[in-house]
Structures are given as structure tokens and as C-alpha cells.
Amino acid sequence: MPPRRRPQFTQESVEQQLQQIHLLDQSSSSENLEQLGPIIKQIYTNRQQDAYLRTLQALIDSKDTEIEKICGDNYQDFISSASTLFTVKSYTHNLREKIDTLDSSVSQIGHGLAEKKRALLQSRKTATNLDEAIDSLQASLRILDVVDRVGEMVKEGKYWSALRSLEDIQRMPQSSLSQTPLFQHILTSLPSLRGQIKVSVTASTKQWLLEIRNLTGDVGRLALEAMENRTRRWRSRREKDSMLRLNRVGSAVETVSYETTDDMVLEALEVDFKPLYQSIHIYTTLDSLDELRKSYQADRKAQSDLILPVPLQLSSLGPLTEQIIGFFIIESHVLQTTGSFRSKAEVEELWEAISMRLSEAVDGALQNETDPDSYLRVKETLIAFILTLEAYQYSTASLHASVFRLFEKYATLLERQFSKRFKDIVVQDDYQPMHVDKPTEKEAVLKVVWLSSAEHAELSSASTPLNFPWSQSFYLCCEDIRDFVERFYQFIEGISQHHRNVDELLSKSLDTILSDHVSGSYAGNLMKTSALSQVAQIITNLQHFEVGCAELERSLTTLRSALRGGTIRLTVATSFSKTQSRAAARITSLINSKLDDFFGLSEYDWTPATREDAPSMYLYELVNWLTTVVDSLQIRDSFKDEAYRGATTYIAQCLMEFLTERNVAMMNENAIANIVVDVNFLEEQFRNAGRANLVSLFAELRSTTSIVLSDSVAEYLVPSLRQTTFANVKPKKLTALLEKLARYGGNCRDQLSREKGEKRRKEADAVGRLFPGESR
């Protein structure tokens, strides 16, 4: 490998390198010595220090030669310039001496002026300090005046202005006064001053609450009067327009037509809410609104608790409701006008509490009350109270429920009151047809009673004087029923709920009154009444009550359907029907009692020697009395038929008892034949009276006697004949009759009669063996 060739340094290359580092560049004001490192490193690396130094020294020598040449060429110019410089130096030295002289002179003069200026500046500084002191004092006085006026503003009730003044003091720009102890003391006293404002505002609010409490009664009274006028106007409008009949006060239709604003009461009394608004504003500014809200709620709760006394006197209910109405009208206004200060939940809390306490107080006050009118007066007060507060969007569901509970008690007391009246009417009735002399009296009665349309038309066309079919009690009961229904529904007037419950309660009350105290009283009087005409009048009354119940049910249902009510269902007609049956039975009982008197006069001979051709004499009187009395009864033909049937049945029963009962020990065929003659007479009389249907009631008696008189006992013993021809003959009675005939034959002395008696005994035994259970 050939040896590496060392680089050769020339003056040109060294000069070029020095120019790179600006050592020889006259146009550059800085040296680039960073490039010197690599050059030196290269020299040492190549071990060319000596060669490079020699070349560098040669370059230096070359440059020194160039400098000497340049200096030699300009030497004369340099000498001339040096001479000129020495001359300038001489002039300069003289000028400096003059300047020093002038400076000394000026220095002396300036020292005096400086002393004077220093004195002037000191005077100016003193004046400035005085001005600043005066300004600070005046500012302090102004601040003190503001603080003093804050107190006066608080006394005058200008709380917002006082608070603004304090804020102005706090927001004053930085000045010399800001650093004074007085200003710092005033700043530290600002919270105390704000506290004084808050205390004064709170006291103002408390005073306003006291004044408002004194005004609540007047507010409630005016609100009730306004609601009364509103109700009166709406009632008048409903009477004129049938389309509005179902809309009550407070309904959507009525509310739209009601043009007056809810604040008219407060405007009429000029109620001032400014203190409250001011308090809210001040507390909001002080960031203490929650404190005021809690305090206000507590105060209003305390005031609401003081409204209702314990126990409640009914005489004070009206003024108390006025107080409550006024209280919550004010609360409604505060809720609407104070934004977030008052929440709906807080007002509802007060409302629910006082509603519950009012309901409990009313219940307690009425606990021992027995007069329905007291309940009615309480209801009127509560309904006016409810309607008034409903207009201010308060929930009254609990109060409606309370009123309905009162209504149930009212209905019970009303039922009790009218029950006594109905009972007295029925008991005091003379059971004589009601009489009227004038057409006006007749029309008045027909407007009160409930009748079928046919009977109403018939009585309307009848001339006066007139005897109505019913007695006074029916008319008076109808009158009281109308009064009862009117007073019953008078309670629920203004109540928009519980229609179905109300109708059911009315149905139940009417059923109870009419069943227990009208129908029941008639039933009780039946056993005390022995006059058939009075019993017949009771039946007529009961019939009209039965018809009247259906008409009453229909008219009440029509009335309630027009008011969105339910259907009235009365079940008392069944009670009237049962009492009619009891009355018919009472007629039968009274007739039978009289028939017993006739049978007591019969004086039958049970062992006559011969048979009679004519009936017994007492039967003439009996039939005559029976037909006269029954036909004269003012009752329906069905009841007369029933009376005839009952009497005829009783007559047949009595005649059968003569033949079969133990009161008569023995008898002969002649006596039986005489009974048959009497039966023939009775049947003929009934046929002549148009009562041929009654003849069948003697069928058993005829069949029983025919077996004996026709000597057909053997045929009776034949089962087929017994079940067809003699189906209505009772073996026990036939046996008893045969035993009486046998006893008679046994007591006779002639052989024929004794044999006949023995035959009757054997027949009696034979019949008795057929039905041993009945013959015992």
C-alpha cells in the first residue's frame, strides 16, 4: 500500500481558511471561531503543525510588508493631520477652561435656585397633603352621612334604598380613603348594618302578617258574597236555558261565562302586599330567601292553627269559614305573584291540614245534634265555602267526602224525624174518605198525591163536593213524602258527586219510612180496629200507596235523570201488598167474629124427630148482614170476593164442625138433613146475589152428608170411587159423623134404631181402618 500523501499548505490556502473564520474579512464584524477547531484538528491529525506555522508566519510577514508599504505612501498626510489635531487640542483646552468658569458661575446661581425650588416643592407637597386630608375628611363625612341616612331609611321603611347605600359604600373605588381606619371600620360594620335591615324587614313582615290576619275575615266575607251573587246569576240563567241545567257553578261552561277576576276581592279591600314583596326582594338580595320562606311558612301555619277553636261552636262556623277563605285567597295571590318564593306544595300542606281539622271540628260539633236543620245549615255554609275556594283551584275532594258523611247523618235524622210524623199521621187518621168542597181544594189535593193516570183523569173530571177514595192519612203522607224528598235533595244541592249513593240512600230511606212507619203503622192499627169500614179504608189507602210508590219511583227517576242521577228503586210496594193481605185477613176475621155471634143463636136440635123444610131463622139475618156489610165496603171487588169467600168458608167450616166436632155428642139423620136444607138456602142466596162461585165452598159438607144420607159408605170404601166421586171427603170427619150417628142409635130403645146405630159403628170402624193415622 503506498504511503498516504500529506497535504501541502500554501499562503493562499491558509489565507482562504482565515477568511472563512473572518479573521481577514474586513466586511465582517464578528469572528467565526467555530470553524477554527476543525482546521486545527486536521493539522494535528496530519502532523503538519510546523509546516502550517511556517506558512502562517510567511503570510503574516507578507501582510506586514503590505502595511509598511501603505504607511509609507501616506506619511505626509498623517503628519499634517497630527498638527491639525494638536491645534484642535489647544482650542479645546481653552474652551474647557471657559466652560469650567461658566459652570462654576452657573453652579453658584443654580444652588440658590435649587434651594428656592426645594422650598417651593415642600410647600406644594404640604398643600397637596392638606388637599388630600381635606378630600379624605370630606369623603369620610359623606360616608358617615350615608351611614347615618341608612339608619333613617330603615326607620322610614326604605329598606331597599338603605341596602343599595351599603352596597355603594362597599363598591367604592380604591382611593386614599380606602386605607383609612375609619373606612375599614365602616366596612367591617356593613354586615351588622345589613343584619339591622334584615331585622327591620322581618319586623315589617310580621306586622304585615298581623294586619293581613285582621283582614282575612273581610276578604272571606266579600268572597262569599261574590260567590253568592255568582250562584244566583247562574241559577237564573239555568232556569232560562235548559241546556245549562246540568252545569253547576264552577263548571267549565259557567267559568267561561264568569268575567270577573279572582283578585276583585283583594282589589276591593285594597290589600297591600308591598311589605311582603319588599321583604322577598331584600332577602333575595341578602341571599337569605330560604330563611324568609321558612319563617313565612311557620308564621302562616301558626295563624292557620289559630283560626279553628277547639271545640267548635256551630254558631261561629260562618265567621270561621270566612277567615279560612280569606286566608287561602291571600295565599293564592301570594303563590301567583311571588314566583319561586311560595311553592304550591307548601300552600297545599296548609290547606290539607286545615281541611282535615275543619272536618273533624264540624263532626265533633254535630256529634250530639239531632236537628236535621242544623246539619242543613252547616252544609249550606260548607258548600259556599267549597265553591268559593274551588274558584281559586283548591282541591275540595276531602271536604266533599266530609259533606257526604254529614249528608248520611242528616238523612238518618231526617228519616227519624219524618218517621214520627208519618206514624202520628197514620195513628191519628179517622179512616174516613177525604172530603173537599171546592175545585181549588180538589186540584190542590191532586197535585200532592200520586195516582195512576186513569184515576187522576177520573178524579180531575169529577165535580165537587167530592169524597176521595182515600182518607186524610194518604194525602198527608204524600205531602210529607214530597217534603221529605225536597229536604233530602236540598242537602245535596251544590254537591257534584255521589249521585248514585244519594239515590240509593233516598231509596233506602223511603223504603224504611213507608214500610216501617206507614205500612207498619197501618198493620198495627188493624188489630186495634174492629170497624169493617175502617179496615176497608185502610185497604183502600194501602192500594193507593202501592200505586203511588210506582208513580213516585217513576217521577223521582225522571227528576234525577235530568240531573245525571241514578235510578230510584223502591221495594216498599211489597210491604203494602202484604199489609193489604193482612187487612183482608182482618176483614175476614171480623166477619167471622160476627158470624160466631149468629151461630151462637142457631139453637140446632141434633136429634129431631122430623126433618125441616125451611132453613134456620138465624141464616136469614146472617145472609142479610153479610151481603149488606161486604157490599157496602169501599174496597175493590177482589177484596169483596175474598171477604165473601172467607165468610162462606167459615160458614161451611162451622156447619162441618157441628157435624164432626166433639161439641155435639150425637145426632141423627134428620139433623143432618136440616143442615143440608140450610146449605141449600145459603147456596140459593149466594146465587141470587151473583156469587155462584161460592157454592163450591160447601162441596165437602155436601159430599160428607150425602154419603150418610144416601147410605153410600160402602161406595166410599171402594178406592176408585173414593178418589173420584168422594175426593173432597176427609175420612176423619166422616168417621166422626158416623160415630155420632152410631152413638145416637146406641142410645135409642127401639131395635131398628139400635141396629142402624150398630151399622153406623161398623162403618165408622171400616172408614177408620182405611186411614188409621187420621182417625186418631
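I take contact to mean heavy atoms within 4.5 Å.

**Ground rules.** My model is predicted, so I note that local features need pLDDT of at least 70 and side-chain atom pairs count only at pLDDT 80 or more, while totals for chains, interfaces and linings use all residues. Residues are numbered from 1 along each chain as its sequence is written, and side-chain values use heavy atoms, with hydrogens and water left out.

**Ser519.** I looked up this residue and found Ser519 in helix α18 (residues 499-526); helices here are DSSP runs of H or I, at least four residues, and strands are runs of E, at least two, numbered from the N terminus. Is Ser519 buried or exposed? Ser519 has 1% relative accessibility and counts as buried (under 20% relative accessible area; exposed is over 50%, partly exposed in between, with a 1.4 Å probe and protein chains only). Leaving out neighbours within four places in sequence, I see Ser519 in contact with Leu514, Ser575, Phe576 and Thr579. The side chains of Ser519 and Thr579 also make a polar contact of 2.4 Å (N or O atoms within 3.5 Å, one able to donate a hydrogen and the other to accept it; residues adjacent in sequence count only if both atoms are side-chain atoms).

**Whole protein.** I get 29 helices and two strands. Of the 776 residues, 41% count as buried.

**Salt bridges.** I count 29 of them, each a side-chain nitrogen of Lys or Arg within 4 Å of a carboxyl oxygen of Asp or Glu. Arg357 pairs with Asp305, with the closest N and O atoms 3.9 Å apart. Arg357 is in α12 and Asp305 in α10, so this pair ties together parts 52 residues apart in sequence. Next I looked at Arg760 and Glu669, where the closest N and O atoms are 3.2 Å apart. Arg760 sits in α28 (residues 751-770) and Glu669 in α23 (residues 669-688), so parts 91 residues apart in sequence are tied together. Arg760 is buried at 3% relative accessibility, and Glu669 is buried at 13%. Both belong to a network of salt bridges that also links Asp711, Lys756, Lys759 and Glu763.
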